[in-house]
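Grab your viewer and work through the exercises below. Each one sets a task and then walks through a solution.

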Amino acid sequence: MAAGAKSFLADAGYGEQELDANSALMELDKGLRSGKLGEQCEAVVRFPRLFQKYPFPILINSAFLKLADVFRVGNNFLRLCVLKVTQQSEKHLEKILNVDEFVKRVFSVIHSNDPVARAITLRMLGSMASIIPERKNAHHSIRQSLDSHDNVEVEAAIFAAANFSAQSKDFAVGICNKISEMIQGLATPVDLKLKLIPILQHMHHDASLASSSRQLLQQLVTSYPSTKMVIVTLHTFTLLAASSLVDIPKQIQLLLQYLKNDPRKAVKRLAIQDLKLLANKTPHTWSRENIQALCESALNTPYDSLKMGMLSVLSTLSGTIAIKQYFSSAPGAAATTARSFDLVKLAQECCYHNNRGIAAHGVRILTNISASCQEKDLLPLEQDAVFGLEALLVLCSQDDSPGAQATLKITLTCMVKLVKSRPHLSQSVVESLLAQLHSAQDSARILMCHCLAAIAMQLPVLADGILGDLMDLYKLIGQSATDKKQELLVSLATVIFVSSQKALSTEIKTVIKQQLENASNGWTAYRIARQASRMGNHDMARELYQSLLTQVASEHFYFWLNSLKEFSHAEQCLTGLQEDNYSSALSCIAEALKSYHKGIASLTAASTPLNPLSFQCGFVKLRIDLLQAFSQLICTCNSLKTSPPPAIATTIAMTSGNDLQRCGRISNQMKHSMEEFRNLATRYGDLYQSSFDADSATLRNVELQQQSCLLISHAIEALILDPESASFQEYSSNGTAHVESEYERRMMSVFNHVLEEVESLNRKYAPVSYLHTACLCNAVIALLKVPLSFQRYFFQKLQSTSIKLALSPSPRNPAEPIAVQNNQQLALKVEGVVQHGSKPGLFRKIQSVCLNVSSVLQSKSGQDYKIPIDNMTNEMEQRVEPHNDYFSTQFLLNFVILGTHNITVESSVIDSNGIVWKTGPKTTIFVKSLEDPYSQQVRLQQQQGQPPSQQQQQRTAYSRF
């Protein structure tokens, strides 16, 4: 179990002390200076790891200069190792500060008599093209080497020419004629021509260059009809069109022509592959005629492999805008029925094909048409799609092979998509899934359970009657302990949790626990408990966490499980709430808070320096504060009974002019309560903004918590504090919004119910009566009765993004201030590196980084001068776009006031949708502003009453220059 959990709770890092950047570089340098070739090679190949760990320019520059020295004086094998390191570390090349020195050391080898050394140098120059695109000596060497008689050198020159053409317009224009001469020259061998042609894909820097390259490729396609030449030329043609954009429609027509007329299978396959590339890149450029031509070719081809390829292009297009163009621009579209379209005919014909792959693409096309085209004449297709999906499900669920599993995944994805867009089909789809579940293979059952859970999360389609079947299957599975069975136990338990929307019955809990005791390991039990926490079945989760406490290997895991057990117990306490019973509600909340406080203490103990569990702690602390606020609100409502307004309250209200005073002390208490809920909503907003790596379901959960705080604060304002100006328009529910989970569905219905109650009371009665306080208390109880869902990000981080900042100048000792004279400005350079986990950009990507620099005067030294307020503080903001995960920028800061200033640099990120996320980090340095010596001398002389000396006056005259 500990092994499985390692990805979540990182080890505390109690290993040997890591070397700092300089020591690590010195260690590798020692290896480079060694007399033994093996040690030198080992040192060279360890450099990429060093760059990954310390990705800042100062180290990378030194390291690359050392590698360039090894390249200059070493043998060819060492040069090859340096070349590989350079190619692996391509994204760090732009951090080299002394580019000229680096290139000079590498370039010196180009004059060697050894053609292999020259070839390695050319490849090295090609790999560095991104940082030296316009170096004329490199361009000249590549041109020369293309005429070499040594094949190795010519191939290296071709590699370098391709890389430089991609980066430099001048080089591309200059080399284009040379390449075309070599390709058309009779002396050039065919295999060399095949290597030269792909260089033309980079000739897209301007329209005339792209046009001349297209003409050359057109000539080649007709002049050299051999299979290999046609394949290479056509593919280069496609890549050139994809980069230059203007020629894509022509290219689609050319590829379709080859697909239809060329008899060779290899050429047809290449045409299909390139059409797929263009379908993914620019689906909007496909006309109706193009899709029609592809459909005709697919209908007419006798080969299954080619038909499958064409269908994969069509299924890609069917999920894009192209499908709408196909149906909308049909000639006489009104007269034709949906089934008379060639695309529909093809898809229907393929749905029941004996080749699984073809059938999968057929149903995918039908699903995409049904989901995206809502026209009436296309409605019959949804039934065809359902029948096709059911047939494929029966076929693939009995087969354990990888091909069948891949097809099954496509089928189940289509099912979820179809049900999402056409909810009325959900019942038949779910029934067919449940019918197949008993007879299917284990690997298929797992996927089918995932599909059932995904559908049931969106629509409440799993009735309680189905539970019996699921439980029988659960008992059946639990008798063996293979990995597949363990996975299936988790998937099936998830479906059971989703389908039993209310609390689980005792019988179900007993069966699940019994099966886990019989055949499962601790990790399976933990995963099932985690799913129970996500679905709001907290009593089940608590029992499972309790049983796991003694099965873990480290105290961090123990404290983590203990905290989860306490949170589940706390949430379980809230399920006993009843409307209109406020005293029991207060005792339930108090009991829940007791468990939450125990849990947060345990959660803090579970955190480690490498894994501080900041989101989990933040989320739980907010939940505790929210429960306390709810408890306080119920007490405040009760205070209307315990201390009603005094008899003179109306008089006080009239004399003070504040109408609320006639309600007595409850009005002030309600004001505090409203502010507290608004403050909680702001804090939930901050938690949302700091969770850049969270999945959308977790973020929606945080958003719902925030909305519940805003709802209660709005209800207090509308019912008690300001009934006249309360507006219900902005809070009206959006009925069209798509609900992603049962938790969200229940929360939204509570929100709507509370708003309706508040609105009707607001119109009928003046505040404050017992009806108003009862309405508020019932709103609190209704919100707490919805079991809290602990979403994925609470347990699991699928995406990991962090930013590392380096400031210069930086002091040797962090507590030491940097000295600056008050008549000078400090140039603060901020460099940063974006670090990713194993799945970068899974949920959202960083578009730019926002750097905020501010300075605060900590302690003054010297006299107080009257200084303009602008010069007192520095507050600046800059946005920078990271390139290859690196960014740098500079700030000019003024420190006119003498004393110690605290500079804070804070970074936040902006994603591709323009949303700002406060990810941090925050870095602080201290600056000591000192009086410049000349001003100090003048001031001292003025204090002593002496006029400035002649020499001093002379110096000031020159000092202006």
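Predicted model: local features only at pLDDT ≥ 70, side-chain atom pairs only at ≥ 80, totals over all residues.

**Exercise 1: cysteines**

Is Cys 41 buried or exposed?

*Solution.* 
- Step 1. Start with the area: Cys 41 has a relative accessible area of 10%. The cut-off for buried is under 20%, so Cys 41 counts as buried.
- Step 2. Now search the whole structure for disulfides, and you get zero. For Cys 41, the nearest cysteine sulfur belongs to Cys 81 and is 4.2 Å away. A disulfide needs the two sulfur atoms within 2.5 Å, so Cys 41 is in no disulfide.

**Exercise 2: the largest cavity**

How many cavities of 30 Å³ or more are there, and which helix gives the most to the lining of the largest cavity?

*Solution.* 
- Step 1. Count them: there are four cavities of 30 Å³ or more. The largest cavity holds about 200 Å³ of space.
- Step 2. List the lining. The largest cavity has 17 lining residues, and those closest to its centre are Arg 534, Met 535, Gly 536, Glu 742 and Tyr 743.
- Step 3. Sort by class: seven nonpolar, seven polar and three charged residues line the largest cavity.
- Step 4. Sort by helix. At least two lining residues come from each of helix 27 (483-499), helix 29 (522-535) and helix 37 (742-764). Helix 37 gives the most, with three residues.

**Exercise 3: a three-stranded sheet**

In what order do the three strands of the open sheet come, and which face of strand 1 is covered?

*Solution.* 
- Step 1. Get the order: it is 1-3-6, with antiparallel pairing.
- Step 2. Look at the edges. Strand 1 and strand 6 (886-894) each have a single partner strand, so one side of each lacks a neighbour in the sheet. From one strand to the next, the twist averages 25°.
- Step 3. Zoom in on the pairing of strand 1 with strand 3 (residues 825-836), which has eight bridges. Within it, Lys 804 has Val 833 as its bridge partner, and Ser 808 stands opposite Lys 829.
- Step 4. In strand 1 (residues 801-808), Thr 801, Ile 803, Leu 805 and Leu 807 make up the covered face, while Ser 802, Lys 804, Ala 806 and Ser 808 make up the uncovered one.

**Exercise 4: partners of strand 4**

How many bridges join strand 4 to strand 7, and how many join strand 4 to strand 5?

*Solution.* 
- Step 1. Strand 4 (residues 846-860) pairs antiparallel with strand 7 (residues 899-911) over 13 bridges. Val 853 has Val 905 as its bridge partner there.
- Step 2. Strand 4 also runs antiparallel to strand 5 (residues 874-880), joined by seven bridges. Here, Ser 855 is partnered by Asn 874.

Key: Residues numbered from 1 in each chain as written. Heavy atoms only, no water. 1 Å grid on protein atoms, 1.4 Å probe; cavity = no way out; pocket = protein on both sides within 12 Å on 5 of 7 lines; lining within 4 Å. Points joined across faces, edges and corners; volume = space filled by probe spheres on them. Helix = DSSP H or I, 4+ residues; strand = E, 2+ residues; numbered from the N terminus. Nonpolar A, V, L, I, M, F, W, Y, C, P; charged D, E, K, R; others polar. Buried < 20%, exposed > 50% of the residue type's maximum accessible area, 1.4 Å probe, protein only. Pairing = 2+ DSSP bridges. Axes fitted to C-alpha atoms, helices over the stretch in contact; angles between N-to-C directions.
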